[in-house]
Amino acid sequence: MFEQGDWRVNAACRDQNPDQLFVRGAEQRKARMVCFGCPVRTECLSEALDNKIEFGVWGGMTERERRALLRRRPDVRNWRELLEAARREYVDFDEYQVS
Ligand code: SF4
């Protein structure tokens, strides 16, 4: 279960200059590289999607990618729940593969 509000303390970008994530256009694709190893990527992305945050890189997605996702899935009312369920399924699947 997500711990509301405290995920930022584990952010991979915690010590980065915020200006590096809040860049424009193609620079966002470079900026998001830090996200790919971030332990709170799911929390970060769901926060941006649930709150329709339009600016910057969140959860490894650029503004443009998030807008496209929101357009494709207007049915989703709670991204946090959806992404959490997907993560649980992935972990369960991964454990199944190992055993
Ligand atoms: S996913 Fe990216 S923007 Fe979000 S907390 Fe992690 S490093 Fe920062």
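The structure is a predicted model, so local features need pLDDT of at least 70, side-chain atom pairs count only at pLDDT 80 or more, and totals for chains, interfaces and linings use all residues. Residues are numbered from 1 along each chain as its sequence is written.

The ligand is surrounded by 14 residues, and the closest are Ala11, Cys13, Cys35, Cys38 and Cys44. By type, the shell splits into 11 nonpolar residues, two polar and one charged. Here Ala, Val, Leu, Ile, Met, Phe, Trp, Tyr, Cys and Pro count as nonpolar, Asp, Glu, Lys and Arg as charged, and the others, Gly among them, as polar.

An unreviewed UniProt entry lists Cys13, Cys35, Cys38 and Cys44 under "binding site" (positions follow the numbering used here, feature names are shortened, and annotations may be inferred rather than shown by experiment). These residues spread over 32 residues of sequence, yet they cluster in space, with a largest C-alpha distance of 11.0 Å.

Cys35 sits in the loop between α1 (27-31) and α2 (41-50), and Cys38 also lies in the loop between α1 and α2. Helices are DSSP runs of H or I, at least four residues long, numbered from the N terminus. Cys35 counts as buried because 20 other C-beta atoms lie within 10 Å, and the cut-off for buried is 20 or more, with C-beta atoms placed from the backbone. Cys38 is buried too, again with 20 other C-beta atoms within 10 Å.

Technical notes: A residue is near a molecule or strand if its C-beta atom, placed from the backbone, lies within 6 Å of it. Helices (H or I, at least four residues) and strands (E, at least two) are DSSP runs, numbered from the N terminus. A residue is buried if 20 or more other C-beta atoms lie within 10 Å of its own, exposed if 12 or fewer, and partly exposed in between; C-beta atoms are placed from the backbone.
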